[in-house]
Amino acid sequence: MAAGLCWSRIVTVPTGPLLRVEGQEVAIRCDVSDYEGPSEQDFEWNVLRGSDAVKLISSFDPSYSDQSLRDRVDSGDISINRLSDSSAELKIRGVRVTDSATYQCSTPSTDTVIAGNYHADVQLRVISDSLIITSEMPKPVVPEGKSGTLLCNVTHDFTEGSYLSINWSVRKGTSPAEDILTFGPEMGVTVGGHYLQRYEDGGLRLNLGSPGSFGLVLSRALPTDQGVYVCTARQWTKEVGGAWQKIQEKSSDMGKVTVTPTVDSLTVKVEDVSPLSVGDPLSLTCSVSMEDKADLGLEVTWLLNDTQVLIHMARNGLVANSSDAVRVTRVGESDFRLTVGSLELSDSGLYSCRVNAWVPLSGGQWYQSAKKTSKPVLVVVGQKDPDFSVTLVSSVTAQFPGDPTELECQVTNVSHLRNGRLGVSWHYTATTPMGDTTTMHVIASLDENGALRPAEKYRARLESGLISVTRVEPNTFKLRFLRAMNADAGNYACSVTAWALSRNGNWERAAEFQTPVLKLSLATKKPALSVGASRLREATASGSTFEMSCRVAGDSLQGASFSVIIQFQESVLGPVRKVISLSSDSVLKLEDASEPDRLDSVSLVKSGAREFRFRIQGVQVSDRGYYWCQIGAWTQQPGEDRVEVVSGDSNKVQIDFEHTGPSFLVSISSDTTSVYPWEPVKMQCEMVVAGTSPNTDDVAYEIRWFLTRIRDSDDPILLISMDRWGVVRKVPRNDSSDLSLERSDSQKYLLGVHSTQDSDAGEYHCIATPWLRSPASGKWSKAPDAISKRVFLSVKFAFWDSMKLPLLYGVCASAFMGIFSLLLGLICAHCCCRNTTSTPRSRNKLMDLEMD
């Protein structure tokens with residue numbers, strides 16, 4: 001029996017060539033198997049270009065990389081990632097076109113016998129990023145049932161071995177994007193699960209136009225198609241073995257597609273008819289209209305009193321409940337006529353037309369997209385109609401907006417009314433600037449029982465008493481506007497209805513007469529406004545109270561509300577700052593409050609119908625300047641937002657008093673004006689008080705340090721600050737140096753610059769803001785800022801300090817490589833140059849294994 005053991009090392013990499021796109025991440029795996037030695041193997045990667053080989057990266061030697069690739073390896077652009085003991089992955093984070101080459105993976109030998117392969121090569125091709133995708137949506141708004149096209153235009157440089165695929169997806173609300181259809185990469189079509197049936201029915205079509213233009217057609221748009229559509233282009237390559245590898249992907253938002261439901265544009269209307277008598281024929285036409293006429297199926301039902309079905313026509317034209325007395329016919333594309341042969345008293349009532357709109361689907365099916373019912377039309381059937389005359393006069397006529405107006409509707413020559421009752425309806429028709437009239441609207445009506453029935457548009461004004469509808473005498477009705485508005489100008493009419501009591505005890509409409517229109521016009525008068533400001537309380541010293549009054553006067557401002565803004569200007573030519581405001585809804589807002597503890601010291605109140613009062617308690621030195629009021633007049637039409645019609649500014653009122661407190665100066669000093677990098681610097685900002693010095697507990701300072709990198713520049717940079725409570729705030733910087741600010745004495749503040757860098761050079765200065773506390777009231781007031789002179793700090797360049805570390809590293813690296821080369825030569829001489837002789841066979845016919 002013979003036994004043998006044979007090791008044969010195998011190093012494998014992916015079969016090339018590998019095609020990738022510039023800028024993408026590339027990962028090349030290397031595996032080793034059937035090896036001896038430790039389980040964890042090391043890997044080395046080289047770049048081969050022709051006969052030249054460049055060392056790339058090693059898993060065990062950090063200094064393995066060639067000098068030309070050192071920066072990319074150190075930055076992490078090129079790295080090696082160990083996947084297991086016997087496999088590793090070469091990663092190039094942003095591959096370049098110049099990275100196209102042959103990459104060789106090697107594994108240093110740990111075997112006792114050299115057998116198999118110890119390196120493997122793979123070719124990498126990097127192509128430029130030429131993929132450009134643009135999207136177009138010709139119709140972002142698609143009516144329900146119509147078709148929409150989603151165009152995706154893609155351009156790229158042709159490269160052998162690369163393929164293209166186009167994907168359409170939709171994002172609805174906060175849900176993730178859902179794939180609709182994908183074309184490619186090999187001319188195939190893949191449809192999303194929710195759209196498969198629709199694609200098979202022809203509701204989704206792929207439209208290939210000119211080269212690079214891809215269109216997706218959505219037939220018979222549904223409300224569920226609404227959303228944000230995205231077009232995605234992907235570049236692919238086919239690896240050895242037939243597997244597809246995605247090498248690039250780019251997306252473009254096509255925008256939001258809005259599907260307008262049919263119900264939004266569908267209108268159903270039935271024209272009114274005059275009162276009829278028993279035996280007369282009735283003919284009503286139901287007109288259906290919409291903005292965009294899609295291929296709809298219309299189903300029509302005529303109703304009496306909203307519950308009784310008179311007759312029904314299906315969308316295919318079949319009629320149900322038809323008889324000789326009641327018929328329905330289609331007289332136009334969207335007109336349906338109801339005919340009643342001979343009317344009876346019981347035929348009186350409210351007639352309406354109900355329409356169901358059906359939309360066809362791609363598969364031949366239908367679904368109901370809209371359902372609407374027309375406004376009921378009152379049909380009055382009577383025998384002997386009462387007769388009377390109606391006249392409309394204006395008893396009180398308005399001249400300008402805001403004046404009262406009164407219209408009087410008088411009923412005369414009444415006959416055949418007997419025990420009947422009278423009701424009234426008031427109508428209004430607006431006129432356009434060209435003199436044309438619009439649709440007539442009902443303002444309100446009094447029914448047979450005298451109950452008021454307001455129209456929704458006028459309900460608020462009727463309930464508030466701005467409009468009143470009354471019956472002042474048995475045959476006289478009045479419409480009164482407490483304050484007429486510009487929107488009330490137009491044509492007015494009143495219609496009087498006679499109600500008769502039927503045999504079943506119900507009131508039935510017997511007759512109705514309407515007056516000719518009466519035109520109401522208002523002279524336009526432009527509103528005017530003037531504002532005057534006066535001083536109520538003078539601020540004579542710091543800590544006192546200032547009070548100012550603002551009065552409004554004007555014309556054509558009836559019913560207007562006012563907004564007030566108090567503005568401040570330190571000097572006549574200084575910037576304007578808003579202090580406090582009061583909106584037309586009486587909402588108070590503090591506009592530019594500089595200190596939180598002053599929120600309660602400023603107030604603005606409405607002291608009269610057209611008067612406002614502004615007050616500052618505890619006036620400070622910084623409050624000195626000019627104050628004035630900006631007042632706006634606002635009006636509001638029923639159902640609309642408030643609109644500012646006119647505004648004006650008042651005269652300016654000045655706060656001016658002598659500041660008798662101490663004055664402050666700031667001095668700055670530095671322990672040095674020239675340093676080397678990484679050395680610390682300290683600068684001191686010291687307060688100097690001129691005049692009577694306040695107690696230490698009655699003064700506090702707010703300190704800010706600034707740096708100006710260019711001499712005499714007016715663009716300083718804030719570095720660090722300390723408020724008057726001692727809280728230090730640093731401004732975020734990109735420098736490696738650090739700053740500190742501490743209080744070394746009651747009036748001295750020390751700035752420390754640690755680990756100074758070149759960017760710290762420049763002019764330094766500090767600004768101190770003193771805060772004084774009044775011994776009498778205990779309130780704090782801010783004194784004027786004190787600005788120090790500037791101190792220039794220069795940072796020297798230390799040549800030897802910057803060069804000694806690189807020189808030391810170079811000497812050490814050279815010595816290490818020399819010693820390593822000497823040891824490597826001795827090992828090679830010992831292992832490769834030995835004189836080996838053959839060993840005779842043993843008698844037991846077994847060969848002795850010789851370890852090399």
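I counted a salt bridge when a side-chain nitrogen of Lys or Arg lies within 4 Å of a carboxyl oxygen of Asp or Glu. I worked on a predicted model, where local features need pLDDT of at least 70, side-chain atom pairs count only at pLDDT 80 or more, and totals for chains, interfaces and linings use all residues. Residues are numbered from 1 along each chain as its sequence is written, and side-chain values use heavy atoms, with hydrogens and water left out.

**Entry 1: R234 and E249.** I found a salt bridge between R234 and E249, with the closest N and O atoms 3.0 Å apart. It links distant parts of the chain: R234 sits in strand β18 and E249 in strand β19 (residues 244–260), 15 residues apart. Strands here are DSSP runs (E, at least two residues), numbered from the N terminus. Next I checked burial, where buried means under 20% relative accessible area, exposed over 50%, and partly exposed in between (1.4 Å probe, protein chains only). R234 is buried at 18%, whereas E249 is partly exposed at 37%.

**Entry 2: K246.** E249 also meets K246 in a salt bridge, at 2.8 Å from N to O. K246 is partly exposed, at 40%.

**Entry 3: K238 and E186.** I noted a salt bridge between these two side chains, K238 and E186, at 2.9 Å from N to O. K238 belongs to strand β18 (residues 227–238), and E186 to the loop between β14 (178–183) and β15 (189–191), 52 residues away. K238 is partly exposed at 36%, and E186 is partly exposed at 47%.

**Entry 4: network and total.** I saw E547, R551, E611, R613 and R615 linked in a network of salt bridges. The count comes to 28 salt bridges.

Conventions
Helices (H or I, at least four residues) and strands (E, at least two) are DSSP runs, numbered from the N terminus.
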